[in-house]
Amino acid sequence: MSDQPQNTNSGREIIVAVDGSEASNTAVLWAANAALKRNQPLKLVSAYTMPQFMYADGMVPPQELYDDLEGEANDRIETAHELVRNFNADIKVSHAVKEGSPVDILLNFSRDAEMIVMGSRGLGGLSGLVMGSVSSAVVSHADCPVVVVRKDSDVSEESKYGPVVVGVDGSEVSRQAMEQAFREAAARGASLTAVHAWNDSQFYASYAGLNAGEQEKAEHIALLKQEIAPFAERYPDVKVTEVIARDRPVGALQDEAEGAQLLVLGSHGRGGFRGMLLGSTSRALLQYAPCPMMVVRPRNK
């Protein structure tokens, strides 16, 4: 397993949201490692907004307050810069500090980004950014993959050489997730675990029922092999393990993600309002996945 950068540079930047929290710092280090493995540039992004009460009764916030908020954001960026430099001084890194909605800022960056990386405390949501609003909106509407790194699920010494795990269901967005998963595995010199799960309600108590169940299982195995085949051909150096599970997808993926470097999942995740819809499997795993998770949506053309 090589720690050397791989030549996967697409010219796109890896964007990481910076808010100064412990979870954000963990995300910065994860993004720095991804930038190193992919040989791609990293951009640190921080946002600041004026509290709404400062506009009450026609008030105009003083310029000094804007300057203080911008200064705090710049301090967070400098701390993140130092984390990246200490991790690897050769990573090409830039930054942006902007006033405005974190959702709008990150979604604007997503149009041309390789991926967006965000930190999360887990069940409570993103540090400095609220799960259910900012994070759900970015995951559900970004035009690029979004990686959520909880502070308690960063890649450790035990899992740094673990597999990349991807969920496979035969849909077009699942194929796009597989493309990302194979690219990540190739860049990291990691193996890939492809998981296909289904859950039936039929109890095969009879001999005929058991035969029907075996036939159904064979069909799912064939589907998984068919979905994997074109990617395995394009990435011949990536070792693939196929996992078929008669289980809820959340449970099967969570089990396989133990000790993994990254879990990759496709999700349509677009609702009528930002943050209002995210697939149930994606939402559950964002809360409970034992490793960093990448959500892949169809990239807008």
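**Entry 1: D75.** I looked up D75 and found that D75 counts as exposed, at 52% relative accessibility. For this term I used relative accessible area: buried is under 20%, exposed is over 50%, and partly exposed is in between, with a 1.4 Å probe and protein chains only. D75 lies in helix α2, residues 63–87.

**Entry 2: Basis.** I recorded that this is a predicted model, in which local features need pLDDT of at least 70 and side-chain atom pairs count only at pLDDT 80 or more, while totals for chains, interfaces and linings use all residues. Residues are numbered from 1 along each chain as its sequence is written, and side-chain values use heavy atoms, with hydrogens and water left out.

**Entry 3: The chain.** I counted 8 helices and 10 strands in the secondary structure of the chain. Helices (H or I, at least four residues) and strands (E, at least two) are DSSP runs, numbered from the N terminus. Of the 301 residues, 49% count as buried. Contact means heavy atoms within 4.5 Å. Among contacts between residues at least 6 apart in sequence, 79% join residues at least 24 apart.

**Entry 4: N39.** I found N39 in the loop between α1 and β2 (42–48). N39 is not a glycine, yet has a positive phi of about 55°. Most residues other than glycine have a negative phi. N39 is partly exposed, at a relative accessible area of 39%.

**Entry 5: Nonpolar cores.** I took a nonpolar core as a set of buried Ala, Val, Leu, Ile, Met, Phe, Trp, Tyr and Cys residues joined through side-chain atoms within 4.5 Å. The largest such core has 41 residues, and V16, L42, L44, V117, V166 and V264 have the most contacts inside it. Helix α1 (residues 22–38) gives the largest share of this core, 8 residues. This core lies between domain 1 (14–149) and domain 2 (164–296), because both give residues to it. The domain bounds come from an automatic or database domain assignment. Apart from this core lies another, of 37 residues, among them I105, F109, V146 and V295. I also listed partners of L44, not counting residues up to four places away in sequence; they include V16, V28, I77, V84 and V93.

**Entry 6: V165.** I located V165 in strand β6 (residues 164–167). V165 is buried, with a relative accessible area of 0%. Beyond its neighbours within four places in sequence, V165 is in contact with residues including T193, V195, L253, A257 and V264. V165 and L253 are 88 residues apart along the chain, and their C-alpha atoms are separated by 7.8 Å.

**Entry 7: α7 and α8.** I examined helix α7 (residues 249–257) and helix α8 (residues 280–288), which pack at an angle of about 35° with axes 10 Å apart. Axes are lines fitted to C-alpha atoms, for helices over the stretch in contact, and angles run from 0 to 180 degrees between N-to-C directions. P249, V250, L253 and Q254 of α7 meet T281, A284, L285 and Y288 of α8.
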